[in-house]
Amino acid sequence: MSTNTEIEALKNSIVTSMFVDPGDENYVMARIAYHGGLYQDFFWNAAQATEKYLKASLLLNGETLIKNNGHNKFGHNLERLFRKVESYAGEFFPDTLTRPVELGDLHWRSETPQAFVARLNAAGDPSSRYNVHGYTKRWEDLCHLDQFLWAARRVAFRLDHVIVPERMRSNPDIPQTIADQLRRTLTFSPRSVTSRLAKLTGPRSRVELRDAFFKGNFLFAPADYDHGTIFHGSSASNPVLYRRILAYVPEEGDVAPNATIAELADWAASNIFLGEAIADQLRDAAERLRP
């Protein structure tokens with residue numbers, strides 16, 4: 001019969017391989033995409049990393065991802081996932097995602113982790129792969145992602161795991177658990193140097209991977225890393241269905257028939273799986289545009 005220590009170690013191994021390691025890869029890919037101006041892919045990979053780290057934390061801290069009826073309890077909803085993680089690990093997340101001191105006095109829009117996760121949940125939604133919703137990228141988004149994922153990755157571990165030998169457990173000056181150590185040392189993260197992230201960004205990794213991950217990443221980068229010049233700016237993309245169809249729909253009370261766009265709206269609603277809300281919007285547009 002296995003011991004508690006043995007089964008917990010095996011659970012950690014499974015969760016690490018299924019959630020944390022792939023999350024590490026998504027995080028690196030998000031930063032590569034950002035630096036390359038591929039902002040749709042940035043949001044997609046950022047959302048994937050966030051989802052996997054949060055799910056890892058839930059599983060390792062006694063929660064389940066399955067409802068009583070066997071269905072997925074959280075789906076891909078980052079806001080619901082974060083609310084659940086906050087219920088036991090909220091103290092380890094910052095109250096506000098702020099401008100790193102290394103960036104000086106640059107203009108900055110701070111936001112709460114909850115607000116950031118809500119925006120990421122929308123921009124990184126699975127349908128974003130098809131540019132259904134478009135996106136608005138703020139130049140603060142990358143630093144806010146780094147700050148949030150630093151915290152999420154720290155709690156992707158069993159927080160009540162005891163880290164001291166039994167003979168030292170009566171000493172109140174020594175951190176007893178992972179949670180105690182997280183409170184004591186803000187730079188401490190329980191994921192080891194053998195993690196997937198360490199391998200992807202370590203001394204033997206490809207230079208382009210290291211630079212994409214460390215540039216402007218003041219929480220994860222080595223203290224002596226040269227960040228060089230950090231460029232900043234914003235970017236946005238309107239949804240293609242708005243540009244090609246919905247922008248032609250007349251205001252309430254106006255009449256502006258357009259047989260071509262009406263036919264296009266009918267085609268999109270009938271042939272592209274978009275979810276009922278968007279499909280209904282397109283059908284309504286077709287009716288209002290029909291001559």
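Reply: Helices (H or I, at least four residues) and strands (E, at least two) are DSSP runs numbered from the N terminus. The model is predicted, so local features need pLDDT of at least 70 and side-chain atom pairs count only at pLDDT 80 or more, while totals for chains, interfaces and linings use all residues. Residues are numbered from 1 along each chain as its sequence is written, and side-chain values use heavy atoms, leaving out hydrogens and water.

The protein chain has eleven helices and two strands. Read from the N terminus, its elements follow the order α-α-α-α-β-α-α-α-α-β-α-α-α. Its C-alpha atoms fill a box of roughly 85 × 50 × 35 Å along the principal axes.

Rolling a probe the size of a water molecule over the atoms shows where empty space is left. On a 1 Å grid over the protein atoms alone, a cavity is a set of points where a 1.4 Å probe fits but cannot get out; a pocket is an open set with protein on both sides within 12 Å along at least five of seven lines; lining residues have an atom within 4 Å of a point. Points are joined across faces, edges and corners, and a volume is the space filled by probe spheres set on them.

The open spaces come first. The largest pocket holds about 530 Å³. It is lined by 22 residues, and Pro-94, Gln-147, Trp-150, Leu-186 and Leu-219 are the closest to its centre. Two or more lining residues come from each of α5 (141-154) and α6 (178-184), and α5 gives the most, with six residues. By class, this lining has eleven nonpolar, five polar and six charged residues (nonpolar: Ala, Val, Leu, Ile, Met, Phe, Trp, Tyr, Cys and Pro; charged: Asp, Glu, Lys and Arg; polar: the others, including Gly).

The second largest pocket has a volume of about 390 Å³. Among its 19 lining residues, Ser-192, Ser-195, Leu-197, Ala-198 and Thr-201 lie nearest its centre. The largest share, four residues, belongs to α7. Eight residues of this lining are nonpolar, seven polar and four charged.

Two cavities of 30 Å³ or more are present. The largest cavity, of about 70 Å³, is lined by Trp-44, Ala-47, Gln-48, Glu-51, His-76, Leu-78, Asn-121, Gly-124, Asp-125 and Pro-126. Helix α2 supplies the largest share of this lining, four residues. The lining comprises four nonpolar, four polar and two charged residues.

Glu-51 sits in helix α2, which spans residues 39-60. Is Glu-51 buried or exposed? Glu-51 counts as buried because its relative accessibility is 7% (buried is under 20% relative accessible area, exposed over 50%, partly exposed in between, with a 1.4 Å probe and protein chains only). Beyond its neighbours within four places in sequence, Glu-51 is in contact (heavy atoms within 4.5 Å) with Gly-75, His-76, Leu-78 and Leu-81. Across the protein chain of 291 residues, 43% count as buried.

The second largest cavity contains about 40 Å³ of space. Its lining is formed by Gln-40, Phe-43, Ala-123, Ser-128, Asn-131, Val-132, His-133, Gly-134 and Tyr-135. Here four residues are nonpolar, five are polar and none is charged.
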